[in-house]
Amino acid sequence: MIEQIEGINIAVEGCFHGNFDEIFGTIREIEKQKKIKIDLLLVCGDVQTHRNKHDMFNMACPIKYLSMGTFYKYYQGKEAAPCLTIFIGGNHEASNYLREMYFGGWVAPNIYYLGDSNIIQIKKGNTTFKLGGTSGIFKIFDFNNPKLESFPFKSEQLRSVYHTKQVDLFKLSLYEGEVNMFLSHDWPQQIHQHGSTKELLKKKQNFEADIKSGRLGSQPHKFTLERLQPDFWFAAHMHVKFEALVKHKSGKQTKFLALDKCIAGRDFLQVFTYTKDKQDLYEQFAYNDEPIELFYDSEWLSIVHTTYKLLTIWDKIPKLFEYNPALKELQIMKKDKYQEFLNEKHQRMKIFGNHKIKIPNNFEITSPPYDEQDNTIKSLVPPNRVPLNNQMKSYLNLFNESGQELNGLIFYEPDQPRIIGEFVTPDFLQKQIELENQKEILQQKDLQQQEQQEEPSSPKDDELNIQDFPFLQ
């Protein structure tokens with residue numbers, strides 16, 4: 001008699017690169033072969049959720065590789081995801097659309113974006129786990145900067161918008177609960193030390209220099225890995241499969257898995273079953289028919305509410321972390337202030353309590369989907385209005401906030417003044433210009449000080465090829 005497994009059948013995918021039809025087709029084929037139902041697909045970035053051509057031109061990518069892809073069909077309901085799909089952002093995204101859902105939200109029916117950083121709860125029957133994640137990639141010269149990017153993005157903002165920012169890491173550092181699974185795009189720094197570096201270099205010889213110099217991977221992710229110590233950590237970005245086992249000083253262990261991009265014959269997908277007893281099975285699968293549900297995490301809501309003030313002072317946000325380039329590590333600054341944030345979080349947790357707040361299925365089409373008869377490519381004019389997304393409004397209602405204070409973060413209709421306190425100062429625009437200039441100066445200064453802190457041997461824009469965009473083939 002076959003043992004009945006109770007759990008959640010999960011597929012994990014590396015770099016998506018807009019391959020909605022191909023990857024969803026692979027999911028359906030696995031279901032057919034194994035005679036199972038995949039409950040959940042977790043994606044580690046570069047999803048490319050282009051609703052229309054304006055979104056397409058808001059992705060950092062060489063123009064010759066820009067193409068609509070097929071997401072717009074899922075966005076308008078012509079096609080449907082075969083299972084609940086949850087993803088974080090990478091460095092090739094429709095950044096304007098994802099910024100509308102900074103705290104997380106549905107980009108299409110059954111396709112959920114975790115946001116710039118987030119922790120939620122996933123439940124099916126008696127199986128429940130906490131899923132965390134953070135979007136983007138790490139660049140030291142942008143890390144301490146506020147989220148200054150506002151629509152329409154300037155050319156350099158197309159990249160800075162997806163660079164890891166300190167405020168998102170700070171929120172994760174305040175989390176004290178258990179996290180079962182975590183998603184990132186780039187790898188935690190030094191993760192290669194916990195797996196077979198020899199096997200990794202067989203596949204990626206060009207990683208050797210970055211491994212020797214300590215530049216392979218993201219320092220914020222290393223910090224988060226040591227802080228949260230999740231049971232599983234999934235990543236992508238490097239276009240190679242790599243496994244590692246991190247043994248923490250606390251006695252806990254983290255199973256790390258990086259996956260490749262979606263190309264035939266490459267290791268871009270992993271399927272397993274997560275049981276109610278927190279086991280991961282690879283040859284046995286669950287057959288329970290309960291629906292899979294998403295819930296907000298009460299501790300995370302408390303953190304978002306506690307740190308909301310940091311987003312409202314976007315032009316004066318303090319430095320939250322200190323980076324030691326010699327030791328290549330991050331440290332939280334002003335421990336007394338950090339403790340104040342923790343204390344305030346604990347007070348807010350009493351308000352949210354242990355109540356389960358279900359994440360609503362409140363997706364709405366907010367921008368015209370791509371018209372297949374539209375042959376225009378050049379001279380696109382940005383929309384006159386980019387209103388606050390309905391999901392953002394719903395989320396902020398949990399805290400009785402309107403979002404009107406989030407000047408550097410949220411998109412507004414142009415006829416609405418950007419509010420600082422209760423009024424717009426006369427030198428508002430001049431301050432913006434000065435901040436941009438200061439940012440450029442800081443970038444150059446940091447680059448000179450950080451002993452060749454360039455991006456490691458990971459796919460750069462000018463190294464992308466036609467295989468990264470299969471919908472062009």
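**Stop one: the cysteines**

Select C15 first: this residue is buried, with a relative accessible area of 0%. Here buried means under 20% relative accessible area, exposed means over 50%, and partly exposed is in between (1.4 Å probe, protein chains only). Before you go on, note that this is a predicted model, where local features need pLDDT of at least 70 and side-chain atom pairs count only at pLDDT 80 or more, while totals for chains, interfaces and linings use all residues. Residues are numbered from 1 along each chain as its sequence is written, and side-chain values use heavy atoms, with hydrogens and water left out.

C15 is in no disulfide, and its nearest cysteine sulfur belongs to C44, 8.1 Å away. Now click C61, which counts as buried because its relative accessibility is 11%.

**Stop two: the sheet**

Next, show the open sheet of eight strands, in the order β10-β11-β9-β8-β7-β6-β14-β17 with mixed pairing. Strands (E, at least two residues) and helices (H or I, at least four) are DSSP runs numbered from the N terminus, and two strands pair if DSSP finds at least two bridges between them. Colour β10 (242–247) and β17 (357–358): these are the edge strands, each pairing on one side only. β10 runs antiparallel to β11 (residues 253–258), with six bridges. Zoom in on F242 and you'll find A258 of β11 standing opposite.

**Stop three: the core**

Which residues touch the most other members of the largest nonpolar core? Pick I86 and W187, out of 118 residues in that core. A nonpolar core is a set of buried Ala, Val, Leu, Ile, Met, Phe, Trp, Tyr and Cys residues joined through side-chain atoms within 4.5 Å. Helix α11 (residues 298–312) gives the most to this core, seven residues. A second, separate core has eight residues, including M56, Y65, M68 and Y370.

Stay with W187 and show its contacts (heavy atoms within 4.5 Å). Leaving out residues up to four places away in sequence, W187 touches, among others, F242, A258 and H221.

Is H221 buried or exposed? Buried, with a relative accessible area of 1%. Beyond four places in sequence, H221 touches T134, S184, D186, W187, P188 and W233.

Finish at K350 in helix α12 (residues 335–352). K350 counts as exposed, at 63% relative accessibility. Its C-alpha atom is 9.6 Å from that of E299, 51 residues apart along the chain.

Definitions and conventions. A disulfide is a pair of cysteine sulfur atoms within 2.5 Å.
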